Amino acid sequence: MASTVLVGTQWGDEGKGKICDLIAPGFDAVVRYQGGNNAGHTIVVNGKKYGLRQIPSGIMYPSCVSIIGNGCVVNPAVVLEEIDMLEADGISTANLKISGNAHIIMPYHIALDGAFEERLGDYLIGTTKRGIGPCYQHKMERIGLRMQDLLDEELFREKLDRALTKANAELELIYGKPTFSADEIAAEYLAYGERLRPYITETGMLLNGLIDEGKSLLFEGAQATLLDIDHGTYPFVTSSNCTAGGAVTGSGVGMKNIDRVLGIMKAYITRVGSGPMPTELDFDTDEDGHTLCEVGAEYGVVTGRRRRCGWFDGPIANYAARVNGLTDIALTKLDVLSSFKTIKICVAYDCDGVRYTSVPEHQRAFEHAVPVYEEVPGWECDITGCRTFDELPQAAKDYVARIEEIARTRVSFVAVGPEREQTIVRSWKPAR
C-alpha cells in the first residue's frame, strides 16, 4: 500500500485536477479532504473539459472510489448538478461517497458571505461568495448542519432552528439583509437529502477498511498552500487546512498511512483575489503579465475571474516544500513560457533590507517584499509535442533543474499542455 497527498503549492489553480486525473488510475480511492465548491478542478477527457467543484477527480475512473471527506463543506445542489452532468455523459457516479460528517453549505451562509464582503469595502478578502467561510465558522461555533442530518428530518429541523436564530439576527440587524424561513429551507434541503442518501456514508471507516485491505489512497486538496488558514498569507486565505496535514484531519486516516506528498507547481505563478503577490506583473501595463494571462488562459473555473500573474516565485516554492514535506513536484504549464526570449525567476525577497529565501512569517515583511530576480534564457519553440524529458530544449531542462534546486525537491512530472498525454513522467512509480 502506498498513499499520496496531492497538494497545491502556490495560491491555487496550479493544475491539481489534471495531475490527479493522470495518476488516479494507480489508486483505489481518491479523497477530497477540505474546501467546498469555491475551487474548480479542470479535467480534459477526449477533448472535453470538465470543471469539477465538489466531486473528486477520480470519478472519471470506474474502479476508483471517490470520497468527499469530513473536512469538506458541501453544497448539495452543486453536488447533484455535477452528478447529473457526469451521468448524462455516461460517467458513472456509483462509486461516489460523501462523509456524513461533512458540513452543509446553507443558503444563509452564502448570504452572510456576500454581506460581509460588501461591508469590508476596500478591505475585502476576495472570497468567491459561495458561503465557504461562514459554513466553516458555524462548524467551529458548533451550530453547523452535517450531511448526515439530511437523513433525519427531526434532527435537521432542530439544528436548523438553532442556526437560524443566529444567522437571521446577523443578516437583519448587522447587514440589513433579508432573512430565511426554516420551512422553505427544510423543504428544499430534505429533498436534496433523499437524492443524496445513496452517497452519504461513514467514510472514515470506509477508508481505514480499504487501508486494512492493502488498498492505496490519493488525497486531493483544493486551494493551495498560501491559502491555508494557518500557513497561508493570512487574512487573504481560505477557511480550512489545504496543506498536506489537512489530509489527516479531513479524512480520518492516520499519518502513518501516508507515504508521499506530491506538490503541484505552475511554471509561473497566479493568484485570484486580494492580498500581496511579490512577483505580480500588471495585466494592463506589463506586456509579460498580459502574455502570461492570455497564453495561459488564466481565468477562474468557478468564477471566471481573471487571475493575477507573475514570474515563478522561488521563496514560495521553498516554503511550500518545507511546510508540506514534499517528496515530489509536478511542474505544470511549462509550455506557456515558450513565448519568452528571457524568463525571470524570483530567488529571494528583499524585505526592508532583510533577505529571505522562504516566505517570511510576519505579514508586514511579506507585504513589503521586493523580488530578487535571476534571469535565464527562454527556449522560444513549441514544446507541446515533447513526450520525454530529453526531447525538451536544453533551456527548458535547465529551467526545471533550477526549480528543483530552489525547492530542494525532485520534479517528477512536467506538463507541456492540457491533455493527459502532454505530461512527461520522469520518476514516478504507480501505487499499484
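Isoleucine 264 stands opposite alanine 330 in strand 16, where strands are DSSP runs of E of at least two residues and helices are runs of H or I of at least four, both numbered from the N terminus. The model is a predicted one, in which local features require pLDDT of at least 70 and side-chain atom pairs count only at pLDDT 80 or more, while totals for chains, interfaces and linings use all residues. Residues are numbered from 1 along each chain as its sequence is written, and side-chain values use heavy atoms, with hydrogens and water left out.

The pairing of isoleucine 264 with alanine 330 belongs to the contact between strand 11 (residues 260–266) and strand 16, which run parallel and are joined by 5 bridges. Two strands are taken to pair if DSSP finds at least two bridges between them. Strand 16 is also joined to strand 20 (residues 411–415), again in parallel, by 3 bridges. On that side the bridge partner of alanine 330 is phenylalanine 413 in strand 20. Strand 16 (residues 328–332) is mostly covered, with 5 of its 5 residues buried; buried means under 20% relative accessible area, exposed means over 50%, and partly exposed lies in between, for a 1.4 Å probe and protein chains only. In a regular strand the side chains alternate between the two faces of the sheet. In strand 16, Asp328, Ala330 and Thr332 point one way, whereas Ile329 and Leu331 point the other way.

These strands are part of an open sheet of 10 strands with mixed pairing, in the order 9-7-5-2-10-1-11-16-20-21. Strand 9 (200–201) and strand 21 (423–425) stand at the edges with a single partner strand each, so one side of each has no neighbour in the sheet. Elsewhere in the order, strand 5 (residues 65–68) and strand 7 (residues 96–99) run parallel and are joined by 3 bridges.

A pocket is defined on a 1 Å grid over the protein atoms alone, as an open set of points where a 1.4 Å probe fits, with protein on both sides within 12 Å along at least five of seven lines; lining residues have an atom within 4 Å of a point. The lining comprises 18 residues, of which Gly232, Thr233, Tyr234, Pro360 and Glu361 are the closest to the pocket centre. It divides into 9 nonpolar, 5 polar and 4 charged residues, with Ala, Val, Leu, Ile, Met, Phe, Trp, Tyr, Cys and Pro counted as nonpolar, Asp, Glu, Lys and Arg as charged, and the others, Gly among them, as polar. Helix 10 (314–324) and helix 11 (363–367) each supply at least two lining residues, and the largest share, 3 residues, comes from helix 11. Proline 360 is located in the loop between strand 18 (354–356) and helix 11 and is buried, at 7% relative accessible area. Its C-alpha atom is separated by 28 Å from that of phenylalanine 413, 53 residues apart along the chain.

A search of the whole structure finds 7 aromatic pairs. Rings of Phe, Tyr and Trp (its six-membered ring) pair if their centres lie within 6.5 Å, and planes under 30 degrees apart count as stacked, over 60 as edge-to-face and the rest as tilted. The rings of tyrosine 189 and tyrosine 192 are edge-to-face, because their centres are 5.2 Å apart and their planes are at 75 degrees. Both tyrosines lie in helix 6 (residues 182–196), 3 residues apart, about one turn of the helix. Tyrosine 189 is buried at 4% relative accessibility, and tyrosine 192 is buried at 18%. Tyrosine 349 and phenylalanine 366 form another edge-to-face pair, at 5.8 Å centre to centre and 65 degrees between the planes. Tyrosine 349 is in strand 17 (residues 342–351) and phenylalanine 366 in helix 11, so this pair ties together parts 17 residues apart in sequence. Tyrosine 349 is buried at 0% relative accessible area, and phenylalanine 366 is buried at 4%. Together with Trp11, Tyr349 and Phe366 form one aromatic cluster.
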